[in-house]
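Subject: Structure handover

Hello,

Here is the structure I said I would pass on. Please open it next to this message.

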Amino acid sequence: MDAHLDRMRAHPDIAGRVLRLEYTSVSLNPQAKLFGRRSLLEQFDPGRNEDRPVLAAFEEELTCPWALYHVRRILPVSKADPTRRGRPMRSVERVHVGRAPALGRRLRSVSERRGYPVEVDERYGRVRTWIRRREPKLPTVEELMVTAPHHVQSKQVPRFEQEWREASGQGVRRRD
């Protein structure tokens, strides 16, 4: 790890992009930290002189346009082993692109009006609202709205909407 961090310190511009990629990924999925329970970003200390250029490059990367994303995840039971989690299914929808502070204020305002819990990263600007948190018991779903750098395109696995309706309990209503 020390050698890896030293290489990043030697190339802060590249390190800044890598940290932005990880930050964006963790914004959309808090479980996506590169080092298990710790993120790469957490390896750098703003109080250390040698880390400041890397963190400055990262902050420069965050000056890009940001987006508001709607993220839904289905965590099914494994078909092969009902005691384990199966392959997750995900939908990411880029709802709006704009400036980070404006998107964050908008998300906070709407979330607070609707009573959804809000998490704010005061240092770097991410705002995350949990509409549904995953349950410990499988199968489960999670749904969130989050602001993050705009680099992620909308995407969804095939059959996601049908699977989401079934897994989330939002079955299709029949018209009589």
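Below is what was found in it, from the whole chain down to single residues.

**Confidence**

This is a predicted model. Mean pLDDT for the protein chain is 92, and 96% of its residues reach 70 or more. One stretch needs care. Residues 172-176 stay under 50 in pLDDT. For that stretch the model has 1 contact beyond four places in sequence.

**Overall layout**

The protein chain has 5 helices and 6 strands. Read from the N terminus, the order is α-α-α-β-β-α-β-β-β-β-α. The C-alpha trace spans about 65 × 40 × 25 Å along its principal axes. The chain has 176 residues, and buried ones make up 39% of them. Take the contacts between residues at least 6 apart in sequence: 62% of these join residues at least 24 apart.

How do α1 and α2 pack? Their axes are 5 Å apart, at an angle of about 115°. That makes α1 roughly perpendicular to α2. On the α1 side, the residues that meet α2 are M8, R9 and A10. They face P12, A15 and V18 in α2. By class, this contact has 5 nonpolar residues, 1 charged residue and no polar ones. For orientation, α2 covers residues 12-28.

**Salt bridges**

A search of the whole structure finds 12 salt bridges. Three of the pairs are described here.

*D6 and R9.* Their side chains meet at 2.9 Å, N to O. Both residues lie in helix α1, residues 2-10. They sit 3 residues apart, about one turn of the helix. Are the two partners buried or exposed? D6 counts as partly exposed, because its relative accessibility is 45%. R9 has a relative accessible area of 16%, so R9 is buried. The pair is also part of a network: D6, R9 and D51 are linked by salt bridges.

With 29% relative accessibility, E119 counts as partly exposed. R133 counts as partly exposed as well, at 43%.

*R159 and E163.* Here the closest N and O atoms are 2.3 Å apart.

**Backbone points to check**

Which peptide bond is cis? The one from L138 to P139, with omega near -5°. P139 is in the loop between β4 (127-132) and β5 (140-149).

R159 has a phi near 65°. That is a positive value in a residue other than glycine. R159 is in the loop between β6 (155-156) and α5 (160-168). R159 counts as exposed, because its relative accessibility is 55%, over the 50% cut-off. So the residue with this positive phi also holds the salt bridge to E163 and is exposed.

**Two positions on the surface**

L21 is in helix α2. L21 is exposed, with a relative accessible area of 52%. Where does P149 sit relative to L21? The two are 128 residues apart in sequence, yet their C-alpha atoms are 8.7 Å apart in space.

N49 is in the loop between α2 and α3 (52-61). N49 is exposed too, at 55% relative accessible area. From N49 to A15 the separation is 34 residues in sequence and 16 Å in space, C-alpha to C-alpha.

**Where to look**

Finish at R159, in the loop between β6 and α5. Treat residues 172-176 with the caution that a pLDDT under 50 calls for.

Best regards

Note on methods. Residues numbered from 1 in each chain as written. Predicted model: local features only at pLDDT ≥ 70, side-chain atom pairs only at ≥ 80, totals over all residues. Heavy atoms only, no water. Helix = DSSP H or I, 4+ residues; strand = E, 2+ residues; numbered from the N terminus. Buried < 20%, exposed > 50% of the residue type's maximum accessible area, 1.4 Å probe, protein only. pLDDT = per-residue confidence, 0-100. Contact = heavy atoms within 4.5 Å. Salt bridge = Lys/Arg side-chain N within 4 Å of Asp/Glu carboxyl O. Axes fitted to C-alpha atoms, helices over the stretch in contact; angles between N-to-C directions. Parallel < 35°, antiparallel > 145°, perpendicular 65-115°, else oblique. Nonpolar A, V, L, I, M, F, W, Y, C, P; charged D, E, K, R; others polar.
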